Amino acid sequence: MIGARIKELRTDRGISQRELGKAIGVSQKAVDYWERGVNEPKASYITLLANYFEVSADYLLGLED
């Protein structure tokens with residue numbers, strides 16, 4: 001669920017995986033792995049993603065719409 005939310009938010013804003021990674025301090029590959037469900041971001045990155053996209057961590061985790 002989190003990967004789909006990250007991808008949706010990223011593409012809605014028209015930014016690349018590389019741009020998102022640079023903004024929160026991870027590699028493009030890390031963003032790719034999150035979006036494809038290979039890995040999940042650590043709690044610290046979930047917080048950074050939530051702040052970056054101006055959504056709640058619960059939204060990213062699929063606990064709220």
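Predicted model: local features only at pLDDT ≥ 70, side-chain atom pairs only at ≥ 80, totals over all residues.

Reader: What does Gln17 touch, leaving out residues up to four places away in sequence?

Author: Arg10, Gln28, Val31, Asp32 and Glu35. For Gln17 and Asp32, which sit 15 residues apart along the chain, the C-alpha atoms are separated by 6.8 Å.

Reader: OK, and how do the axes of α2 and α3 cross?

Author: At roughly 110°, with the axes coming within 8 Å. That makes α2 roughly perpendicular to α3. On the α2 side the contact is made by Gln17, Arg18, Leu20, Gly21 and Ile24, and on the α3 side by Gln28, Val31, Asp32, Trp34 and Glu35.

Reader: And α2 with α4, how do those axes cross?

Author: Also roughly 110° for α2 and α4, and here the axes come within 10 Å. The two helices are therefore roughly perpendicular to each other. Their crossing is right-handed. Leu20, Ala23 and Ile24 of α2 meet Tyr45, Leu48, Leu49, Tyr52 and Phe53 of α4 there.

Reader: Ile24 turns up in that α2 contact with α4. Is Ile24 buried or exposed?

Author: Ile24 has 8% relative accessibility, so it counts as buried. Not counting residues up to four places away in sequence, Ile24 touches Trp34, Tyr45, Leu48, Leu49 and Tyr52. The C-alpha atoms of Ile24 and Tyr45 are separated by 7.4 Å, and those two residues are 21 apart along the chain.

Reader: Switching to the core. How many residues are in the largest nonpolar core?

Author: It has 15. The residues with the most contacts inside it are Ile6, Leu20, Ile24, Trp34, Leu49, Phe53 and Leu60.

Reader: Which helices supply it?

Author: α1 (2-12), α2 (17-24), α3 (28-36), α4 (43-53) and α5 (57-61) each put in at least two residues. α4 gives the most, with 4 residues. As background, nonpolar side chains tend to be buried together in soluble globular proteins.

Reader: Leu20 was on that list of residues with the most core contacts. What does Leu20 touch?

Author: Setting aside residues up to four places away in sequence, Leu20 touches Ile6, Arg10, Ile15, Val31, Leu49, Tyr52 and Phe53.

Reader: Now α4. Which of its residues are buried?

Author: Ile46, Leu49, Ala50 and Phe53. Looking down the axis of α4, these buried residues fall within an arc of 100°, so they line one face of the helix.

Reader: Why would spacing like that put residues on one side of a helix?

Author: An α-helix has 3.6 residues a turn, so residues three or four places apart point the same way.

Reader: What covers the buried residues of α4?

Author: The cover includes α1, α2, α3 and α5.

Reader: And α1, which residues are buried there?

Author: Ile2, Gly3, Arg5, Ile6, Leu9 and Arg10. Down the axis of α1 they fall within an arc of 165°, so these buried residues line one face of the helix. On the other side of α1, Ala4 and Asp12 are exposed.

Reader: What do the buried residues of α1 pack against?

Author: They pack against α2, α3, α4 and α5.

Reader: Where does Glu54 lie, and is Glu54 buried or exposed?

Author: Glu54 is in the loop between α4 and α5. Glu54 is exposed, with a relative accessible area of 70%.

Key:
Residues numbered from 1 in each chain as written. Heavy atoms only, no water. Core = buried A, V, L, I, M, F, W, Y, C linked by side-chain atoms within 4.5 Å. Buried < 20%, exposed > 50% of the residue type's maximum accessible area, 1.4 Å probe, protein only. Contact = heavy atoms within 4.5 Å. Arc of directions from axis to C-beta. Axes fitted to C-alpha atoms, helices over the stretch in contact; angles between N-to-C directions. Parallel < 35°, antiparallel > 145°, perpendicular 65-115°, else oblique. Left-handed = near helix turned anticlockwise from the far one by under 90°.
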